[in-house]
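Please look at the sequence and the structure below.

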Amino acid sequence: MKKTIPFSPPLIGEEEIREVTDTLRSAWITTGPKTKKFEEEFRRFTGAPAALALSSATAGLHLALIAHGVRPGDEVITTPMTFCSGVHVIEHVGAKPVLADVEPDTLNINPVQIERILKSSSRRKKTKAIIAVHYGGHPCDMSALMKISRKYGIPVIEDAAHSIPAKYKGKLIGSLGNLTAFSFYATKNLTTAEGGMLTGPAKLIDKARIWSLHGMSRDSWNRYSGKGSWFYEVVVPGFKYNFTDIQAALGLVQLKKIWQFHKRRKAIIKKYNEAFSKNTGLQRPVERKGLESAWHLYPIRLNSNKLRIPRSQFIEEMKKKGIVTSVHFIPIHIHPYYRKKYGYKPQDYPVAYGEYQRLVSLPLAPCLTDSQITRVIQAVNEISREYIR
Ligand SMILES: *Cc1c(COP(=O)(O)O)cnc(C)c1O
């Protein structure tokens with residue numbers, strides 16, 4: 001049996017290892033000079049006014065809600081087609097998630113569905129934020145979302161966990177919305193093993209920064225570096241969400257390579273798209289005109305009217321051929337916690353639920369070789385041929 005092809009392995013080079021070693025040999029290993037430098041370089045890269053490095057994207061989304069003043073009793077509109085932590089943070093601030101179904105082509109939150117929710121005056125009064133996920137790295141319809149934002153005075157928080165480097169009308173994601181959270185988790189397009197970044201207006205980022213480290217009025221680097229004083233004041237009951245210089249060492253090198261990584265992702269996407277163009281058993285992911293996806297994922301959708309194989313069996317067959325796939329995402333409203341708490345039924349969000357049942361994400365990472373990609377393509381096309389109606 002051939003070696004297993006992993007789903008999304010990280011690509012860490014000697015340069016990253018050298019930079020981490022350099023940090024370990026230095027006098028500072030937690031939030032310090034390299035974190036500051038990484039924040040500044042990431043800020044410049046996205047073109048955002050300010051940036052805050054954090055322990056995760058989840059922490060970023062949590063602090064974004066806090067910075068926008070979302071409180072118990074409020075409501076936050078978001079998508080069912082997301083990772084659970086993007087909805088957990090709404091629960092963490094004591095607010096209620098209100099789901100808006102997704103667009104059939106991009107699987108991003110559908111602005112028309114958001115408008116439908118906001119038609120109700122009680123909903124309109126309670127809604128204090130919208131969390132939009134750029135699914136798979138494909139930007140949401142930001143002009144429609146920002147129009148809703150202006151019309152109702154509701155901030156749009158972007159979950160950009162998949163979106164380095166995605167562009168909307170020529171601008172990088174991170175520079176558009178009211179606050180944007182990125183993830184540097186091990187499988188993401190840029191990794192620091194664990195980590196995240198929040199970008200946006202300086203005033204909101206300053207507020208999030210205080211909440212990110214115990215609610216202290218100045219950070220510990222300033223206190224201990226010799227520049228600051230021993231004195232600090234606790235102004236809010238904050239969290240422990242800071243980023244370390246060991247993570248920043250990885251991030252600084254990864255950021256330099258991001259366009260190279262992106263180029264490789266696009267080359268793989270081109271291979272997949274060409275190889276599946278005549279496969280009627282599946283639907284390929286789209287990229288709308290006027291924008292550029294970060295191509296974090298390559299989610300195919302099985303055409304059940306053409307294939308006699310359920311999605312779960314398709315995944316098993318791929319596994320038998322030594323290929324690891326995944327599903328993005330199990331919709332929020334069918335997870336027991338949310339289903340029980342809010343009484344959701346699968347058909348409440350028919351697009352998310354229907355598409356979920358036929359989604360399969362194929363392996364995608366810059367370090368996958370051409371021969372590995374060819375093996376994935378052959379496996380998908382072989383299974384499709386075997387089960388075509
Ligand atoms: C990975 C992911 C997250 C969480 O990122 P962390 O950095 O692990 O907190 C949030 N939302 C989406 C859509 C994700 O894919």
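**Strands and sheets**

Strand β10 and strand β12 (residues 298-302) run antiparallel and are joined by two bridges. Strands here are DSSP runs of E with at least two residues, helices are runs of H or I with at least four residues, and both are numbered from the N terminus. Two strands count as paired if DSSP finds at least two bridges between them. This is a predicted model, in which local features need pLDDT of at least 70 and side-chain atom pairs count only at pLDDT 80 or more, while totals for chains, interfaces and linings use all residues. Residues are numbered from 1 along each chain as its sequence is written, and side-chain values use heavy atoms, with hydrogens and water left out.

Another open sheet of three strands has the order β7-β6-β11, and its pairing is antiparallel. The edges are β7 (171-172) and β11 (291-292); each has a single partner strand, so one side of each is left without a neighbour in the sheet. Two bridges link strand β6 (residues 167-168) to β11 in the antiparallel sense.

Strand β1 (residues 50-54) is antiparallel to strand β9 (residues 196-200), and five bridges join them. In this pairing, L54 stands opposite G196 in β9. Is β1 buried or exposed? The strand is mostly covered, as five of its five residues are buried. Buried means under 20% relative accessible area, exposed means over 50%, and partly exposed is in between (1.4 Å probe, protein chains only). A50, L52 and L54 point one way from β1, whereas A51 and A53 point the other way, and all are buried.

**The whole chain**

The protein chain has 15 helices and 13 strands. Its C-alpha trace spans about 75 × 55 × 35 Å along the principal axes. A compact globule of 389 residues would have a radius of gyration near 21 Å, and the 22 Å of this chain agrees with that. The radius is taken over C-alpha atoms, and the globule rule is 2.2 Å times the number of residues to the power 0.38.

Of the 389 residues, 55% are buried. Contact means heavy atoms within 4.5 Å. Among the contacts with a separation of 6 or more, 73% are between residues 24 or more positions apart.

V380 lies in helix α15 (residues 370-387). Its relative accessible area is 0%, so V380 is buried. Which residues does V380 touch, not counting those up to four places away in sequence? They are F276, N279, L282, I300, F314, M318 and L362. P331 is 49 residues from V380 along the chain, and the C-alpha atoms of the two are separated by 24 Å.

K34 is found in helix α2 (residues 33-46). This residue counts as buried because its relative accessibility is 14%. Leaving aside neighbours within four places in sequence, K34 is in contact with E19, D22, T23, D245, A248, A249 and L252.
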